[in-house]
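Work through the exercises below with the sequence and the coordinates side by side. Try each task before reading its solution.

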Amino acid sequence: MARILLGVTGGIASYKSVWLARLLTQAGHEVDVVMSRAAREFVGAITFEAVTGRPVHTQLLDAGHALDHIKLARAADALVVAPATAEFLAKAAGGHADDLLTACLLAATCPVLVVPAMNDRMWAHPQVAQNVAHLRALGYAILEPAVGPLAQGEGSGAGRLPEPEVIAARVARLVAPASALRGRHVVVTAGPTREAVDPVRFVSNHSTGKMGVAIAEAAWRRGAEVTLIAGPMSAPVGAWLPVVPVETTQEMADAVRAALPRADVLVMAAAPADFRPVEPAAQKIKKGAAPRPIELTPTPDILLTTRADRRPGSVIVGFALETTDVLASARRKLEVKSLDLVVANDATEPGAGFGHDTNRVTLVTAEGEVALPLLAKPAVAEAILDEVEARLARQGAS
Ligand code: CTP
């Protein structure tokens with residue numbers, strides 16, 4: 001894992017950096033915290049030490065540690081400043097180096113992520129905007145403040161530190177190994193779709209969206225631009241992922257068709273409803289009404305009906321959730337739907353399929369099959385993307 005240098009400057013949001021340090025440590029990173037003098041007025045260094053298991057650095061000129069900034073900066077795979085106060089932005093934009101953190105910033109050659117947080121009026125000040133623009137021009141990544149309630153009853157506005165989970169996801173993307181997906185556009189569908197029976201009832205399935213979300217998050221971590229087309233699903237989605245919400249299979253088909261002309265990769269992890277009621281009732285069907293059979297008609301097959309919208313060289317991945325003849329069905333789907341890869345799984349196997357946190361899949365391509373062991377869904381997602389990357393390189397989508 002990576003070595004992260006986490007700079008904490010002094011704002012009311014400094015306490016959130018403790019949670020960020022914990023998330024980064026939990027993700028397996030080695031986290032060295034550098035605190036400004038003002039930050040220590042808000043949070044104790046000992047808290048960070050307890051969370052990271054490493055000493056906290058505070059002084060530029062400590063007896064015996066005069067070159068700490070060079071050592072820390074050289075060792076880091078990423079430097080993250082969160083929260084970054086208006087004062088820090090000004091000093092950084094001006095190239096100052098009169099404390100440990102600003103000195104580290106000048107000595108660092110690794111990627112830098114700056115996460116400003118301040119009062120909304122300060123954030124809106126042209127001087128702050130100019131400093132941020134200057135830092136961007138220097139090549140630093142800026143994660144813009146979130147909009148929401150501000151400290152001291154200041155109401156709501158832009159200036160809040162984004163949630164630590166959002167910052168941690170950005171850091172994961174920053175330190176991810178080089179990937180063929182970087183800068184590519186990956187479209188992922190997830191969850192079920194719903195087909196109305198009447199205004200309060202629907203036909204659907206048990207898909208939770210976990211597998212699709214795991215793939216979308218993993219692709220994003222690898223540096224892809226991701227579009228997640230999501231049916232009504234229960235799996236939580238990282239706030240940093242752009243989501244196109246859809247309800248019906250037709251809506252999902254329309255969203256996929258709209259996204260495909262720009263897509264280098266499509267992963268159809270969704271379980272669209274295959275049938276819809278022919279005539280949904282305009283009003284709620286009353287319990288007292290004589291029960292009638294619901295006549296169903298097939299919905300469009302999304303992969304089939306959007307084939308003409310694919311970009312040449314793009315990599316198209318389908319799933320095959322089966323209860324019998326798993327591999328034969330998967331091979332048939334590979335051919336009929338013109339896919340590059342089918343992720344096949346057996347819904348009857350323990351720990352596989354809808355709702356579980358794990359999955360046991362076989363990757364089926366024209367060249368053959370690779371059976372993976374039972375894995376957590378994020379690990380399955382990584383294996384699928386490894387195969388996607390290999391094919392992307394071969395097929396040369398441009
Ligand atoms: N799929 C699709 N459009 C649908 C239904 C499914 O594009 N209306 C996609 C799924 O997202 C999946 C693949 O097709 O990637 C296979 O889905 P699956 O439900 O396993 O198979 P079906 O094509 O529905 O065929 P069958 O019901 O005969 O197994």
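The exercises that follow use a predicted model.

**Exercise 1. Overall dimensions**

Task: State how many helices and strands the protein has, what its C-alpha trace spans and what share of its residues is buried.

Solution. 
- Step 1. Count the elements: the protein has 14 helices and 21 strands.
- Step 2. Take the principal axes. The C-alpha trace spans about 80 × 55 × 40 Å along them.
- Step 3. Turn to burial. Of the 398 residues, 49% are buried.
- Step 4. Consider contacts between residues at least 6 apart in sequence. Of these, 67% join residues at least 24 apart.

**Exercise 2. Helix 1 against helix 9**

Task: Describe how helix 1 and helix 9 pack, and list the residues that make the contact.

Solution. 
- Step 1. A packed pair of helices is described by the angle between the axes and the distance between them.
- Step 2. Apply them. Helix 1 (residues 14-26) packs on helix 9 (residues 164-174) at about 45°, and the axes are 9 Å apart.
- Step 3. Classify the angle. That angle makes helix 1 oblique to helix 9.
- Step 4. Helix 1 passes helix 9 in a right-handed crossing.
- Step 5. List the contact. Helix 1 gives Lys 16, Trp 19, Leu 20, Leu 23 and Leu 24, and helix 9 gives Pro 164, Glu 165, Ile 167, Ala 168 and Val 171.
- Step 6. Sort by class. The contact of helix 1 with helix 9 has eight nonpolar, no polar and two charged residues.

**Exercise 3. Helix 5 against helix 8**

Task: Repeat the analysis for helix 5 and helix 8.

Solution. 
- Step 1. Get the geometry. The axes of helix 5 (residues 86-93) and helix 8 (residues 126-137) come within 9 Å and cross at roughly 50°.
- Step 2. Classify. Helix 5 and helix 8 are therefore oblique to each other.
- Step 3. Assign the hand. Helix 5 passes helix 8 in a left-handed crossing.
- Step 4. List the contact. From helix 5 come Ala 86, Leu 89, Ala 90, Ala 92 and Ala 93; from helix 8 come Val 128, Asn 131, Val 132, His 134 and Leu 135.
- Step 5. Sort by class. The contact of helix 5 with helix 8 has eight nonpolar, two polar and no charged residues.

**Exercise 4. The surroundings of helix 6**

Task: Find which residues of helix 6 are buried and what they pack against.

Solution. 
- Step 1. Count. In helix 6 (residues 100-107), six of the eight residues are buried, so the helix is mostly covered.
- Step 2. Name them: Leu 100, Leu 101, Thr 102, Ala 103, Cys 104 and Leu 105.
- Step 3. Identify the partners. The buried residues of helix 6 pack against strand 1 (3-8), strand 2 (30-35), helix 4 (68-75), strand 3, helix 5 and strand 4 (112-116).

**Exercise 5. The aromatic pair**

Task: Classify the pair formed by the rings of Trp 220 and Trp 240.

Solution. 
- Step 1. Count the pairs that have ring centres within 6.5 Å. The count comes to one aromatic pair.
- Step 2. Read the geometry. The ring centres of Trp 220 and Trp 240 are 6.1 Å apart and the planes are at 50°, so the pair is tilted.
- Step 3. Place the residues. Trp 220 lies in helix 10 (residues 210-221), and Trp 240 in the loop between strand 11 (225-230) and strand 12 (243-245), so the pair ties together parts 20 residues apart in sequence.
- Step 4. Trp 220 is buried, with a relative accessible area of 9%. Trp 240 counts as partly exposed at 23%.

**Exercise 6. Backbone exceptions**

Solution. 
- Step 1. Recall the background. Most residues other than glycine have a negative phi, and most peptide bonds are trans.
- Step 2. Pro 83 is in strand 3 (residues 78-84).
- Step 3. Inspect Asp 325. Asp 325 counts as exposed at 59% relative accessibility.
- Step 4. Inspect Ser 338. Ser 338 counts as partly exposed at 33% relative accessibility.

Terms used
Residues are numbered from 1 along each chain as its sequence is written. This is a predicted model: local features need pLDDT of at least 70, side-chain atom pairs count only at pLDDT 80 or more; totals for chains, interfaces and linings use all residues. Side-chain values use heavy atoms; hydrogens and water are left out. Axes are lines fitted to C-alpha atoms, for helices over the stretch in contact, and angles run from 0 to 180 degrees between N-to-C directions. Helices (H or I, at least four residues) and strands (E, at least two) are DSSP runs, numbered from the N terminus. Angles under 35 degrees count as roughly parallel, over 145 as roughly antiparallel, 65 to 115 as roughly perpendicular and the rest as oblique. A crossing is left-handed if the near helix is turned anticlockwise from the far one by less than a right angle, and right-handed if clockwise. Contact means heavy atoms within 4.5 Å. Ala, Val, Leu, Ile, Met, Phe, Trp, Tyr, Cys and Pro count as nonpolar, Asp, Glu, Lys and Arg as charged, and the others, Gly among them, as polar. Rings of Phe, Tyr and Trp (its six-membered ring) pair if their centres lie within 6.5 Å; planes under 30 degrees apart count as stacked, over 60 as edge-to-face and the rest as tilted. Buried means under 20% relative accessible area, exposed over 50%, partly exposed in between (1.4 Å probe, protein chains only).
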